[in-house]
Amino acid sequence: MNTISQQAAAVATTKRKLPSELNILLVLIGISLTFEILGWILQGQSFLLNPQRLSIMILQVSVIGIIAIGVTQVIISGGIDLSSGSIVGATAMIAMSFAQIGTFERALYPGLTDLPVIVPVAIGLIVGLICGAINGALIAYTRIPPFIATLGMMVTARGFAKWYTKGQPISFPTDSFAALGKGMTPVLIFLVVAVIMHVVLRYTRYGKFTYAIGANAHAARVTGIDVERHTVKIYAVAGLLSALAGIVVAARGLTAQAGMGQMYELDAIAMAVIGGVSLSGGRGSVLGTCIGMVIFGVIISGFTFLRLDAYYQEMLKGLIIVAAVVADVYRQKKRVKKA
Amino acid sequence: MVSPATASAIKQVLEKIEIDGLLALEGIRKEFPGVLALDNVQLRVRPGSVHALMGENGAGKSTLMKIIAGIYQPDAGEIRLRGEPVTLKSPLDALEQGIAMIHQELQLMNWMTIAENIWIRREPRNRFGLIDHGKMAEMTRELFSRLNLSLDPGTQVSELTVAQKQMVEIARAVSYESRILIMDEPTSALTEREVEHLFAIIRDLRARGIGIIYITHKMNELFEIADEFTVFRDGKYIGTHASKDVTRDDIIRMMVGREITNMFPKIDCPIGDVILEVNKLTIPGVFHDISFSLRRGEILGLAGLVGSKRSNVAEALFGVNPAASGQILIDNKAVTISSPNEAMAHGMAFLTEDRKETGCFLALDCLENIQSALITRSHVKAGFVDQKTLTRLAADMAAKLRVKTPNLHEIVENLSGGNQQKLLIARWLLTKPRILILDEPTRGIDVGAKSEIHRLITGLAAEGVAVLMISSELPEVLGMSDRIMVMHEGRVSGFLDRADADQVKIMDLAAR
């Protein structure tokens, strides 16, 4: 008996096993090398050793990456968010309408031009936060499935974006607003968001609660976690990050359109799932999602590099998403068998 | 007249059955990544007998069963059915060869009727090729009358009790003319009377020559129903005996490989002041006028049959589903408890009945599971958890409770039931409770872990913790409690003191 307790005391301090993200990283390396080899064979040039291609690739995925970070914590909590793309559209419109320059005669709010950049950003973020909180409140307090609640928000927010200017685009932002989308700034914003969320999920009570609710909501309630309140927070944060992505998209395009961000929600979910975030909740990490995002980017830019038709790209994207979910189900099965 | 050749062939088969029994497994080996679940295991089941499989959790019983039921394929070894080697490719394949399994988690389709569940894939058709519901109901009634069941074939399965669902599963197995029936802890969710009914059915099946493989943790069931038993330990075959030849202690020794000196190590300890008082707690339609008091250092056993709503009372006390009316006093002060968080603020802790459904975070590691209750109350600064302190506390508690795990980062799904239960107890002990509510603290865990948990509960009481312990196992209630409260259909039907309580008195109050 004594030996058992000694063992327990002794093993408690041992290190974690190899992180599960390692597998996904290997997949990324495999795909990259495949493109590299195909590049030399078909194009006679390197795929990877091209800084310009790589920076464009990262830039392309980092906006959706911001959303994917928010979606990651939603999926870990056992939910799903279909409204991200529409929130991007709605917040892009609203933020841009408060970011126009005074010299543009047909500004949406002629009295409210040349505002400091903090105003459109803050308004956009608050709108996203509210949209997300509504999602969360619907899910937590009316007990409707996340799929339905966020589907409702997806349609409503898109409708709002169209109604806001009766379908007209909004353009001519101030220089300081436009700077948010210039060059590699979106990548920088993504990195900051990713680092913060990584720390939050790993080291804070917010993160612990999120994993607990995803792993077993009932058990979470019995251990004293206010599951409803925390659910609202999780979706509000997801909404906030979608809004941030919306602001960046508008700034980068120097214009906002009601249709912005369409299908972003699916790409974001795909990045998370490819990155090993389990749709059954409780498993996954920001690091995984980041790798998933890069895999996503590599595949898109790889096919462009190989001059493959855009239609093939889209079809293949669908296959990859399904493959990632199949991999998740397979991992799940293996676990069940072992137990 | 049969030809001499046929006669000798029949004789050969009969001889094989004589040696082999109905079902024989030889040299079975099954390996999972990192675990050798079964190592050169054997089993022989005679026709018309009940054969119990015994062993601690993780001994390999479930894996062996799943091999017999066609869910797993063995890595090595031979399975012979009536003397003929067979391969069982899938559960359906096994079923068609006459092997049926009644799962612990019942596998019926809740939104279909009893008849539809039984005859699925084999529905009788009318002349248009459509399902003949009248005929199907008739066939079901016929089947039920053979088994002495009184259920309406048209009832939706979701409306049945667990016991009734089990009966339906058994009826379905019988409808396949199964020769081998595997039952995995069939009584774990049944009331005493339902168990009797089940045993009557089992005896009837046995009389008809069916071989029944019966998995159980309950020793008295073994002696009551089993003819033979086989013990496994750590994936190895230990031995097969006739149940009438052995004693309870013999079996326990075979299972654990060591002596269990005292199953219920109740220490008498001083009982202090009243800490919890409950007055007329009621949820209309669920339970009514529940009143009792609990003292420091006291273990109050809460007995009752399934359906007596014991767990609902516990959930109300802990604020999971608060009561509609009535009063709760802690330290003689009236309190309102409308959420688990408030209950915890008053020093309460609640080990729930179903560790998989409402206890463990199976996908998370041991550390997260142990610390989850504590971090809702303390060890958090500006949102950040104090992981260093928490890890130390969790490691100490895990060591104290002898949780067997390679390390604290092991995913809880991979642990045995007993260790999962210890983790949950560790979770609550870290919150330093004054009032501990335990709902079936040792259900479905092996003998060794069971007695360790019993010792632990007694130890806590000795330290002055007030314990309310719900249990369906009468020996446990009798062995552990200072006082016993018995419930019947949502009402308190009586209290018994340790000195004058016995099984008969408890059952008398519980069954009324």
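Helices are DSSP runs of H or I with at least four residues, numbered from the N terminus. In this predicted model, Phe160(A) and Trp163(A) both belong to helix 6 of chain A, where, being three residues apart, they are separated by about one helical turn. Over all chains the structure holds eleven aromatic pairs. In the pair formed by Phe160(A) and Trp163(A), the ring centres lie 5.6 Å apart and the planes stand at 40°, so the pair is tilted; planes count as stacked under 30 degrees and as edge-to-face over 60.

## Packing of helices 5 and 6 in chain A

Two packed helices are described by the angle between their axes and the distance between the axes. For helix 5 (residues 118-142) of chain A and helix 6 (residues 146-164) of chain A, the axes come within 9 Å and cross at roughly 145°, and the crossing is right-handed. Helix 5 of chain A contributes Cys131(A), Ile134(A), Asn135(A), Leu138(A) and Ile139(A) to the contact, while helix 6 of chain A contributes Pro146(A), Ala149(A), Thr150(A) and Met153(A). Sorted by class, the residues of this contact are seven nonpolar and two polar, with no charged residues.

## Domains and a hairpin in chain B

The domain assignment of chain B gives domain 1 as 18-256 and domain 2 as 272-347 + 433-439 + 474-512, and the C-alpha centres of these two domains of chain B lie 36 Å apart.

Strand 9 (residues 228-233) of chain B pairs with strand 10 (residues 236-242) of chain B in the antiparallel sense, over six bridges, and Val231(B) has Gly239(B) in strand 10 of chain B as its bridge partner. The two strands form a hairpin with two residues between them, and in the turn Asp234(B) has a positive phi of about 50°.

## A four-strand sheet in chain B

An open sheet of four strands in chain B has the order 12-11-14-15, with antiparallel pairing. Strand 12 (287-295) and strand 15 (333-335) of chain B are the edge strands, each pairing on one side only, and the twist from one strand to the next averages 20°.

Strand 14 (residues 325-330) of chain B runs antiparallel to strand 15 of chain B and is joined to that strand by three bridges, with Ile330(B) standing opposite Lys333(B) in strand 15 of chain B. Helix 10 (residues 310-317) of chain B lies across strand 11 (274-283), strand 12 and strand 14 of chain B, and runs at about 65° to strand 12 of chain B.

Notes:
Residues numbered from 1 in each chain as written. Chains lettered and ligands numbered in written order. Predicted model: local features only at pLDDT ≥ 70, side-chain atom pairs only at ≥ 80, totals over all residues. Heavy atoms only, no water. Axes fitted to C-alpha atoms, helices over the stretch in contact; angles between N-to-C directions. Left-handed = near helix turned anticlockwise from the far one by under 90°. Contact = heavy atoms within 4.5 Å. Nonpolar A, V, L, I, M, F, W, Y, C, P; charged D, E, K, R; others polar. Pairing = 2+ DSSP bridges. Domains from an automatic or database assignment. Phe/Tyr/Trp six-rings, centres within 6.5 Å; stacked < 30°, edge-to-face > 60°.
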